[in-house]
Amino acid sequence: MQRSNGLTKEGYFITRDKIQGLNTHGLYTLAAKKATHLDIIVRDDNGEHTIRLRYVPEQTITVLNKWLFL
């Protein structure tokens, strides 16, 4: 997974067993663009981290759900 925040680019390699869940949210204006915001909750020892992705196409989220919940 790769995301850009301003001038820096961040890359993540996350195994499936570390992902705790997904959360999608967005405004109704994103529905016309067929995109939404995605939060990926990742387990880290006794805690958790949330990776926030914005304007993710709905088709990508569908593929990610199928891969995660095999």
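Helices and strands are runs assigned by DSSP and numbered from the N terminus. The close-up views below show a predicted model.

**View 1. Asp39 within strand E4.** Strand E4 covers residues 35-44, and Asp39 is part of it. Asp39 has a relative accessible area of 6% and therefore counts as buried, the cut-off being under 20%.

**View 2. Polar contacts of the Asp39 side chain.** The side chain of Asp39 is joined to that of His25 by a polar contact of 3.2 Å. A polar contact of 3.2 Å also joins the side chains of Asp39 and Arg52.

**View 3. The surroundings of Asp39.** With neighbours within four places in sequence left aside, Asp39 is in contact with Gly21, Leu22, Asn23 and His25, and also with Thr50, Ile51 and Arg52.

**View 4. The largest pocket.** The volume of the largest pocket is about 270 Å³. Its lining is made up of 13 residues, of which Met1, Ile40, Leu53, Leu64 and Trp67 are the closest to the centre of the pocket.

**View 5. Elements that line the largest pocket.** At least two lining residues come from each of E4, strand E5 (47-57) and helix H2 (58-68). H2 gives the most to this lining, with five residues.

**View 6. Residue classes in the lining of the largest pocket.** Twelve of the lining residues are nonpolar and one is polar.

Key:
Residues are numbered from 1 along each chain as its sequence is written. This is a predicted model: local features need pLDDT of at least 70, side-chain atom pairs count only at pLDDT 80 or more; totals for chains, interfaces and linings use all residues. Side-chain values use heavy atoms; hydrogens and water are left out. Helices (H or I, at least four residues) and strands (E, at least two) are DSSP runs, numbered from the N terminus. Buried means under 20% relative accessible area, exposed over 50%, partly exposed in between (1.4 Å probe, protein chains only). A polar contact is a pair of N or O atoms within 3.5 Å; within protein, one must be able to donate a hydrogen and the other to accept it, and residues adjacent in sequence count only if both atoms are side-chain atoms. Contact means heavy atoms within 4.5 Å. On a 1 Å grid over the protein atoms alone, a cavity is a set of points where a 1.4 Å probe fits but cannot get out, and a pocket is an open set with protein on both sides within 12 Å along at least five of seven lines; lining residues have an atom within 4 Å of a point. Grid points are joined across faces, edges and corners, and a volume is the space filled by probe spheres set on the points. Ala, Val, Leu, Ile, Met, Phe, Trp, Tyr, Cys and Pro count as nonpolar, Asp, Glu, Lys and Arg as charged, and the others, Gly among them, as polar.
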